[in-house]
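Dear colleague,

Please find below the structure that I am handing over to you.

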Protein chains: 2
Amino acid sequence: MIEKASYVVEPWTLRESGLDVDDLGRSESLFALSNGHIGLRGNLDEGDPHGLPGSYLNSVHELRPLPYAEAGYGYPESGQTVINVTNGKLIRLLVDDEPFDVRYGELRSHQRRIDFREGVLHREVEWVSPAGQAVRVRSGRLVSFSQRSIAAFYYEVEAIGDAARVVVQSELVANEQLPVFKGDPRAAAALESPLVSELHHAGATKVETLHITRNSEIRVAAAMDHHFEGPDSIGVYTESEPDAGRVTATVVLQPGQKLRMVKWLAYGWSEQRSLPALRDQASAALIAARQTGWSGLVQEQKEYLDAFWARADVEVDGDPEVQQAVRFALFHVLQAGARAERRAIPAKGLTGPGYDGHAFWDSESYVLPVLTYTAPDAARDALRWRHTTLPLARERAELFNLAGAVFPWRTIHGEECSGYWPAGTAAFHVNADIADAVARYVNVTEDTRFERDEGLELLVETARLWRSLGHHDLDGRFRIDGVTGPDEYSAIADNNVYTNLMAKRNLLAAAAAARRHPGRAAELGVNAEVAASWRDAAEDMYIPYDANLGVHPQSEGFTEHEAWDFENTKAEQYPLLLHFPYFDLYRRQVVKQADLVLAMQRCGDAFTHDEKIRNFAYYEALTVRDSSLSACCQAVLAAECGHLSLAHDYLREAALMDLRDIEHNTRDGLHIASLAGSWIALVEGFGGLRDSGEVIAFAPRLPEGLTRLRFGLGVRGRLLRVEVTAAEATYTVSSGPAMTLLHHGRTVRVQPGEPESLEIPPVPLLERPKQPAGREPLSYLRPPGSGAQSTSSTPASRPGGDVNG
Amino acid sequence: MIEKASYVVEPWTLRESGLDVDDLGRSESLFALSNGHIGLRGNLDEGDPHGLPGSYLNSVHELRPLPYAEAGYGYPESGQTVINVTNGKLIRLLVDDEPFDVRYGELRSHQRRIDFREGVLHREVEWVSPAGQAVRVRSGRLVSFSQRSIAAFYYEVEAIGDAARVVVQSELVANEQLPVFKGDPRAAAALESPLVSELHHAGATKVETLHITRNSEIRVAAAMDHHFEGPDSIGVYTESEPDAGRVTATVVLQPGQKLRMVKWLAYGWSEQRSLPALRDQASAALIAARQTGWSGLVQEQKEYLDAFWARADVEVDGDPEVQQAVRFALFHVLQAGARAERRAIPAKGLTGPGYDGHAFWDSESYVLPVLTYTAPDAARDALRWRHTTLPLARERAELFNLAGAVFPWRTIHGEECSGYWPAGTAAFHVNADIADAVARYVNVTEDTRFERDEGLELLVETARLWRSLGHHDLDGRFRIDGVTGPDEYSAIADNNVYTNLMAKRNLLAAAAAARRHPGRAAELGVNAEVAASWRDAAEDMYIPYDANLGVHPQSEGFTEHEAWDFENTKAEQYPLLLHFPYFDLYRRQVVKQADLVLAMQRCGDAFTHDEKIRNFAYYEALTVRDSSLSACCQAVLAAECGHLSLAHDYLREAALMDLRDIEHNTRDGLHIASLAGSWIALVEGFGGLRDSGEVIAFAPRLPEGLTRLRFGLGVRGRLLRVEVTAAEATYTVSSGPAMTLLHHGRTVRVQPGEPESLEIPPVPLLERPKQPAGREPLSYLRPPGSGAQSTSSTPASRPGGDVNG
């Protein structure tokens with residue numbers, strides 16, 4: 001029998017003991033390795049059993065038709081879906097002719113672990129074959145941060161007790177058979193065998209395969225090479241065929257003897273480059289990696305991560321689970337973006353095929369805020385990717401008779417792939433989210449070259465969009481009608497507060513950037529009149545307010561809608577979108593995810609503190625968190641309002657989303673935005689970071705359960721460290737010149753090497769806001785002994801997952 | 001060469017001389033014959049050439065999957081599509097071995113005509129074969145009003161000049177090859193060969209075929225029998241195969257000799273009845289028809305139509321085209337509904353496959369108002385059809401967590417077939433339209449038995465829907481949020497005035513009917529409290545008003561939206577929905593079809609006369625009439641406001657929709673609602689009929705071009721005739737007791753046989769409202785010498801057609 005998997009809470013490591021054969025999909029996502037360029041799910045080396053095999057190359061996708069029962073103008077006809085490319089992870093083992101498969105024989109022990117400082121997935125197995133031969137297998141796997149086209153594997157098998165004939169097969173397999181999804185049969189059909197073989201070659205210990213995707217015509221080269229160590233008698237055989245390559249080593253091991261293999265795996269892919277060029281590219285990467293060697297790659301990996309953690313590490317005392325979770329989160333956010341390099345950062349990173357591998361607004365709104373302070377080059381490259389898609393976004397704007405650019409709601413390659421426009425095209429806020437990420441990146445890094453070369457154009461084209469999408473009404477208010485805000489349980493509404501405030505910021509940011517780069521602005525057709533019309537529209541931006549209730553309606557008229565009947569909604573009817581029609585969700589007051597609350601987080605200046613407290617309480621009672629994008633935002637506003645224990649609860653929900661598989665869909669890939677959200681909840685929530693003005697501001701304050709919080713930020717040429725305890729916050733400029741910041745509204749000047757410690761003002765006493773019945777932050781997630789009042793102790797009851805983000 | 005077709009303007013006849021081989025689809029629709037049970041397109045007897053072959057049986061449909069790029073809760077998964085059933089119209093002719101085909105040889109003359117008093121389609125052709133043999137063919141065709149399962153054909157061929165060997169083949173053909181549609185290839189695939197043969201039999205001059213539809217499993221029996229007359233030497237051969245049957249007669253005709261054939265065609269179909277039962281049913285009908293004979297069927301047809309016209313005829317002096325058109329319209333409206341008998345009245349009747357053969361709100365809102373006064377049994381049966389679908393409508397309400405019934409936006413069989421919910425499910429007004437048709441029918445006919453047995457339940461279930469769909473807000477207003485009104489260029493809006501007013505009427509009508517039938521109401525669970533809550537909701541119904549502009553917004557907030565940029569919209573960009581995305585249409589002030597204007601027509605009491613004038617002018621400037629449902633409503637309100645020449649223009653547009661093929665899609669079937677609209681424009685427009693209160697009201701007033709209007713109404717046991725001239729209106733009770741009516745607001749008592757003539761008050765002088773640039777009522781339609789100012793004289797520029805209704 002196989003011991004059930006358990007995960008140990010350790011500060012720097014994710015360690016699994018035992019194995020859940022029935023829940024492998026989850027661990028495959030948790031142990032996925034990626035550098036943003038290549039992604040390998042944490043499948044077992046030997047391939048079987050699996051939850052879902054997965055090897056992904058950023059941007060490699062296949063096309064599939066998007067069907068409509070009733071067609072409409074501007075509906076995208078073709079969708080893009082991430083594909084499982086040539087699998088180079090496979091290392092099969094035969095022991096005296098019996099395949100090593102954990103489901104047969106006896107699994108004496110099974111352990112996997114990854115240290116976030118090391119970036120290598122380790123595995124140790126002791127297994128007895130059905131015939132009684134014991135072996136020990138140790139393996140290691142990495143996807144290189146330093147050599148972006150490279151993954152490498154270490155594999156060691158040792159005979160125990162008796163001599164054993166072992167055979168190790170290292171493979172490349174294209175068009176792997178995948179488990180059938182329950183969903184749309186058309187999608188599955190289109191993606192069966194997406195790779196068409198163009199070339200295969202085997203020689204010595206090396207195999208190469210080249211394929212091209214059937215419809216999207218992306219050429220993919222995969223190549224592997226090997227080094228073996230062990231008894232002298234090792235025989236090695238190499239072969240290839242169109243969809244497979246195999247290097248086989250065989251030897252008889254005496255007890256205690258080991259066969260060791262190092263495998264290097266290189267990928268290359270392109271929409272344009274020729275077959276010989278790509279073949280050479282993969283080969284070159286492979287030779288360089290072989291030259292570096294396994295230990296050299298491990299060393300480079302560590303150096304890369306050391307540099308990252310030196311800047312980015314977050315320390316949390318008092319909640320060991322959150323400590324582990326936030327490092328797990330930062331590791332995976334880094335993995336998603338590190339070497340994406342002008343390709344998208346998908347909602348699942350490269351950890352699984354969820355959402356078809358699409359990137360949404362999550363990237364700019366949740367992932368980039370983290371990367372901007374911790375790995376700014378990755379943030380810049382993600383925005384450069386958006387910039388490369390500007391021609392497509394301009395085309396879409398033209399199709400819609402709008403000015404500027406209309407970025408897609410969901411895409412891999414830049415084309416709109418959303419098949420439901422009320423929650424796709426109509427969610428125009430994605431354009432302001434991109435602009436906001438540009439402005440944030442430039443503000444934090446002072447990268448004026450990026451601003452001039454790419455940022456300005458993104459700001460200008462999105463500003464143009466807003467100016468043409470909105471209009472002045474007879475009262476002189478600038479209105480943006482008929483759009484969908486972040487909350488996907490409302491759609492096609494007028495004057496969504498989040499959208500209008502973000503559009504306003506976009507218009508002002510574009511005008512300001514044009515002023516800083518007048519020459520480039522002129523080239524882009526922006527003169528003083530254009531900029532003035534943006535500022536005017538921003539100035540006149542209409543922000544509806546319900547004076548009777550003293551709260552902001554999420555969109556105009558929202559607070560007059562009927563409230564959702566939460567009392568008569570059963571636990572199993574969540575997420576609501578799987579059990580109620582859109583029209584019913586749209587016409588009522590029920591909120592899937594932070595919308596007005598996100599507006600208060602991003603554009604806090606537009607609200608008084610009292611408004612924030614009233615608004616937050618009002619929307620808490622309506623928000624069901626059917627989206628994983630919500631909890632972290634609620635954490636930030638809860639903390640700002642002074643609901644610290646509630647903020648802690650939301651932090652835990654965001655941070656443990658995947659480690660606890662709260663939405664039961666971690667198997668499809670990690671919720672990268674929610675992982676990023678754990679950093680946001682800590683740094684923007686308990687750290688109180690706000691940084692859209694001229695001076696970076698903090699308002700730190702810890703909940704009862706946390707005794708210390710420490711985080712670092714790279715900001716305007718400094719490395720700033722913030723350490724927070726219950727009583728005080730200490731600001732240290734670790735590198736770079738002195739800087740000015742705000743601490744709870746007070747201006748402070750911090751000199752390099754001279755930490756400033758400041759008192760934290762007492763927290764005002766407020767009643768904890770109520771959530772809809774049954775939708776309180778999950779109480780079982782709460783750490784023992786936390787001061788918060790307890791709710792029911794039922795386990796997670798949130799099946800399914802959110803649909804768009 | 002074939003002479004181009006021309007249509008003569010005659011008061012009682014549609015007559016075509018010549019033939020447009022390239023535009024046959026249009027004439028096939030214009031000459032379609034139907035009794036509401038069976039429909040035969042006006043295809044040429046010999047089948048080829050054709051625009052679109054079509055034989056339809058009411059409710060016989062096939063299922064096809066409705067695909068979605070992104071699925072959603074409550075989306076219908078299966079659609080229904082009308083199918084072309086076994087074709088029994090085919091009569092092929094061979095002359096000395098050469099097939100009679102108008103495209104070859106010489107067509108000396110070709111004439112078709114139908115007299116609306118006779119209901120028989122006549123054809124006369126003189127043709128010379130390529131080999132030089134001349135023949136004259138005379139044929140007649142009818143679909144019997146008196147024997148609903150029967151169509152009959154008369155066919156006569158005469159040799160001219162030389163003796164000729166003629167062969168006449170009378171056929172039954174199932175699964176005819178149809179022209180490929182440009183649209184969705186999936187739809188076409190699903191409907192290829194929808195009929196599966198179950199039995200075929202040939203004997204003497206009779207052939208029977210039985211088929212069952214592949215997925216919907218509807219069994220269809222077709223049977224034909226024949227009688228031949230001519231020279232003694234006629235040889236007759238009969239044969240059948242699974243998808244075809246053929247009776248062939250051959251003879252040598254001396255010059256002047258004729259071969260005459262009468263063909264009887266019977267259909268039977270059922271979802272439930274067995275094969276032998278259906279076979280017997282068709283045979284029985286066939287024998288009865290044969291017994292009646294061709295001339296007997298022609299006689300019955302005339303008697304049926306005489307009775308109809310005696311009540312329903314509308315006389316129009318001064319505009320011969322409108323005179324012809326309104327009779328053409330009434331004839332086709334009758335054809336659509338006469339013998340539908342608890343089956344739907346589709347938007348195209350049984351004249352073509354447009355809109356998949358679906359019935360929409362058109363039926364209750366446009367067709368039934370006409371039938372209620374002119375053929376009340378047909379109106380009753382149409383409502384009975386809705387009643388039979390109540391179980392499905394209740395299921396759908398339950399699926400949506402609503403009370404009562406939710407009727408489908410589009411359907412054949414009762415299930416929702418709309419694949420785009422913002423213009424389908426969200427268009428809840430269809431439920432109030434059904435209730436309104438019930439109340440109107442009961443009010444006009446005083447059919448209390450129908451009210452008790454079927455009407456009440458329809459009223460009650462729709463009232464329950466509204467009570468659960470709306471809610472009281474904090475100010476005590478009853479709101480209906482997030483629905484779509486008649487105008488399909490807006491969607492998912494709050495408090496649509498039309499919807500709210502009609503829902504109010506629905507609630508009140510249900511409460512009043514429950515009071516009249518307390519026993520039945522109690523059985524339906526309606527007690528005094530329930531009825532009171534309906535009256536309360538009705539009383540509190542919120543009707544938004546824009547006090548600044550002094551007009552009613554179509555829906556809340558509508559008047560604050562940006563106006564459509566009509567100046568920069570090109571003529572070829574209409575209909576807008578084919579050239580602009582929904583999101584853009586929805587967020588702007590642009591109106592596809594009468595919405596607020598329809599509210600003023602149906603619920604005139606809710607508006608002052610000044611409001612009507614202001615509202616009408618406001619919406620005229622925004623309404624593009626991309627729907628054929630609009631012009632007649634605009635005609636009615638234009639007349640009421642005093643814009644008589646404009647009303648005349650709109651009347652002509654509604655009346656000539658198909659005769660002039662204004663939307664270039666008459667080939668897909670006639671616009672039955674627009675045809676009904678020509679009656680509405682005359683009777684509710686220039687007659688000023690309003691009949692939702694206790695007393696029937698008229699406010700007649702003629703435009704300059706019309707010198708006399710006369711129409712009859714069956715109302716509350718009377719036959720009332722109204723004759724209008726410029727100066728006065730004369731009311732005559734032709735049968736039944738005395739009645740009270742309103743003439744321009746003045747109460748008048750009319751005694752039987754004592755016509756009352758009353759003066760018509762002068763028309764107030766008003767500026768003609770402006771339409772969007774290029775969307776004025778089509779000037780080329782205006783009769784010569786009409787007093788209206790002329791607009792541009794460009795020909796029709798409205799390609800395509802409306803999508804839903």
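Chain A contains 18 helices and 32 strands. Please bear in mind that this is a predicted model, and that the values given here are computed from it.

With regard to domains, the assignment for chain A lists three entries: domain 1 covers 6-293, domain 2 covers 314-693 + 767-781, and domain 3 covers 694-765. Between the C-alpha centres of domain 1 of chain A and domain 3 of chain A, the separation is 45 Å.

As to overall dimensions, the C-alpha atoms of chain A occupy a box of roughly 85 × 60 × 55 Å along the principal axes. The radius of gyration of chain A is 27 Å, which agrees with the value near 28 Å that a compact globule of 805 residues would have. Of the 805 residues in chain A, 57% are buried. Among the contacts in chain A with a separation of 6 or more, 69% are between residues 24 or more positions apart.

Turning to the interface, 41 residues of chain A are in contact with 41 residues of chain B. On the side of chain A that touches chain B, the largest share comes from helix α13 (residues 582-586) of chain A, which supplies 4 residues. By residue class, that side of chain A consists of 19 nonpolar, 12 polar and 10 charged residues.

Yours sincerely

Technical notes:
Residues numbered from 1 in each chain as written. Chains lettered and ligands numbered in written order. Predicted model: local features only at pLDDT ≥ 70, side-chain atom pairs only at ≥ 80, totals over all residues. Domains from an automatic or database assignment. Contact = placed C-beta atoms within 7 Å. Helix = DSSP H or I, 4+ residues; strand = E, 2+ residues; numbered from the N terminus. Nonpolar A, V, L, I, M, F, W, Y, C, P; charged D, E, K, R; others polar. Rg over C-alpha atoms; globule rule 2.2 N^0.38 Å. Buried ≥ 20, exposed ≤ 12 C-beta atoms within 10 Å, placed from the backbone.
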